[in-house]
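Take a moment to look over the model below. We will walk through it step by step, from the whole chain down to single residues.

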Amino acid sequence: MRARNNRSTATHSSSSPLPQIKSRRYKRKSSKQQSLSSSSLSTVTSMFAAIDKYLVKHAPPWYRTPVVQSAFLGLVFFWVFAAYTTVQFYSASTYGSDLAADCVSAVYLTFTVTCLFAPGIINKCGCRVAMFVGVLGYANLVLASLIYFQYGGDDVRWARRLVVLGGAILGVGASTLWTAQGRLILQYAARAEELESNKRLLDSKTSGNGADGKAKTSRGTLMSIFWSIFQCSSLVGGSISFMYYNKKPEGSTSLYTLFLGFIFTGAIFTQFLLPPSMLQSNDKINDEKGLEMKSEQTPLNIDSSAQFDKCESQMSEKNESEPAIKEDLSNKSWFEEARGTIEIFLTREMLCLSLLFMYTGFNQPYQQATFGNRFFTKRTIGVELIIFHLMEIIGAIVVGRFLDNDKSVHDSPRKRAIICLGSFVLINGTGNVIAFFQEISAKHSLDPITNDIAEIRSVIPSSAFALWGFADAQIQVYCYWLIGALYNVGHDHSRAVGWYKCVQSLGTAIGFFSIPTTRLSEIAQLSVSSLLFLVGTALSFTQLPSSNAL
């Protein structure tokens, strides 16, 4: 008995240290992981700090203008969507119809839901951080696709689920990316208008003519610059994919590695964007150049320049000790931010514009997928998409300049808004009428209804694509322009754009869900789209900017 007890005691004493050893190993492993993550985070933070320091010290004056920054914002989206547009368009041939439908549904479901929370995140964390994280969300889908091509396939369940998960993460990133873009472009426009107003006020005081300091709007022009560069991504991405998919109708590791490089380039580009407070006008740059050329070296000037250099050196030392780039961040709590977002969502302005917002997302699934695949051959669809996006670029430039045009004495923002909405009804309505005639004739026709680019009859459905492209850019630019007229504060810009993107994404999700003709016939899809278009535009006439609004 004694020996047996000693043996059991020895066994117990020898086994007791084992859990401690395992816990120590676990602690060492977790500490290594934490140190690795913290070191990678510090590396990224130090890289961004170095970029900020460089921009503050060495960014040339022309780079600090609202026009250049809006163009650079367009370049961020150019790199990201040159990859994503191609991935989405060829998803059915890459993943198969079922997996593609699941992935796209996951994208727009999470996009819609997280748009409700994105404004608070952007107001508290800043646009550049939100856009950087948002772009990385797009990289998740491409990375999941790479793993799917390398290790998975149609029969590997975990690989299919990984692609759907990548789409869900992409939707979360898309909500922060697009909401931050909307706030930033509207703040760039507000800064441009502020600089223009100050210049006019200074000129009026100098000349003594008593003119006011009111400036023309810049929202339409800057948004058109961004939108045009952004739409070029579809042209470049489509060209790359056409050359590749023409030889091999499947995705591959090499192609998606290229897309991943595009997205990472866009992520890095977000850190070269400047906050609105650092922007200056072109006139100031030209004035500084003129003063430099006209200045003469007199003893007084030498003393003044020496004093200026001394002040400049003191300022540079101060800038080195302070944070390089500051954004207008919210000091409110997360609860207060959420409450402010809900209050914006429930305003009369946003509720009346909701159907128009939804139409901007609901329209393209029918236009590009249902109508395009129904009435064009496979090779012609590529040409039609080029036509569509070229008209997007033209429409953005024309409408953006028109909305900011204040040359006429009797002109006003309210009148320009009415003309813009009226022309939108005419242009988009004409495209829908053409589509109705095509659908009705196809229903009663015994001949093939697909059109090839070499056939003269393809001109009529192609004209519908051209009109839809112009009208889409027209209403997208108008929505941003109107939000900038309704709200003046950057935090409210985030909330209003967040609601716009939330409802737009919901419309896109419903549109993609309705594509199978077993759920909704082709002519029924067009009818619902037309009804949403007409009612949404009619309600938007109740929310026009005031005649003297900027």
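What percentage of the 550 residues in the protein do buried residues make up? They make up 46%. Buried means under 20% relative accessible area, exposed means over 50%, and partly exposed lies in between, with a 1.4 Å probe and protein chains only. This is a predicted model, in which local features need pLDDT of at least 70, side-chain atom pairs count only at pLDDT 80 or more, and totals for chains, interfaces and linings use all residues. Residues are numbered from 1 along each chain as its sequence is written, and side-chain values use heavy atoms, with hydrogens and water left out.

Start with the overall build. The protein has 19 helices and zero strands. Helices (H or I, at least four residues) and strands (E, at least two) are DSSP runs, numbered from the N terminus. Next comes the surface. The protein exposes about 27800 Å², and carbon and sulfur atoms supply 63% of that area. Accessible areas come from the Shrake-Rupley method with a 1.4 Å probe; for residues, only the protein chains shown count as cover. Now consider contacts, meaning heavy atoms within 4.5 Å. Take the contacts with a separation of 6 or more: residues 24 or more positions apart account for 86% of them.

Now to pairs of helices. Find helix H7 (residues 127–151) and helix H10, which spans 253–269. Their axes come within 9 Å and cross at roughly 170 degrees. Axes are lines fitted to C-alpha atoms, for helices over the stretch in contact, and angles run from 0 to 180 degrees between N-to-C directions. H7 and H10 are therefore roughly antiparallel to each other. Angles under 35 degrees count as roughly parallel, over 145 as roughly antiparallel, 65 to 115 as roughly perpendicular and the rest as oblique. On the H7 side, the residues in contact include Phe132, Val135 and Leu136. Among their partners in H10 are Tyr256, Phe259 and Leu260. By class, this contact has 15 nonpolar, five polar and no charged residues. Here Ala, Val, Leu, Ile, Met, Phe, Trp, Tyr, Cys and Pro count as nonpolar, Asp, Glu, Lys and Arg as charged, and the others, Gly among them, as polar.

Next, turn to helix H14 (residues 348–375) and helix H15 (residues 378–403). Their axes come within 10 Å, with a crossing of roughly 150 degrees. That makes H14 roughly antiparallel to H15. The crossing is right-handed. A crossing is left-handed if the near helix is turned anticlockwise from the far one by less than a right angle, and right-handed if clockwise. H14 brings Gln364, Gln367, Gln368, Gly372 and Asn373 to the contact. H15 brings Ile381, Leu385, Phe388, His389 and Glu392. These residues divide into three nonpolar, six polar and one charged.

What about helix H6 (residues 118–125) and helix H13 (residues 334–345)? Their axes come within 9 Å and cross at roughly 130 degrees. That makes H6 oblique to H13. This crossing is right-handed. Trp334, Glu337 and Thr341 in H13 meet several residues of H6, including Pro119 and Ile121. The contact has four nonpolar, three polar and two charged residues. Within H6, Ala118, Pro119, Gly120, Ile122 and Asn123 are buried. Glycine 126 follows H6, and its phi is positive, near 100 degrees.

Serine 175 lies in helix H8 (residues 157–207). At 1% relative accessibility, serine 175 is buried. Leaving out residues up to four places away in sequence, serine 175 touches Phe111, Thr114, Cys115 and Ala118. Histidine 491 sits in helix H18 (residues 490–513). Its relative accessibility is 15%, so histidine 491 counts as buried. Apart from neighbours within four places in sequence, histidine 491 contacts Asn123, Arg183, Asp328, Leu329 and Ser330.

Phenylalanine 272 is in the loop between H10 and helix H11 (282–294). With a relative accessible area of 25%, phenylalanine 272 is partly exposed. Leucine 426 belongs to helix H16 (residues 413–444). Is leucine 426 buried or exposed? At 59% relative accessibility, leucine 426 counts as exposed.
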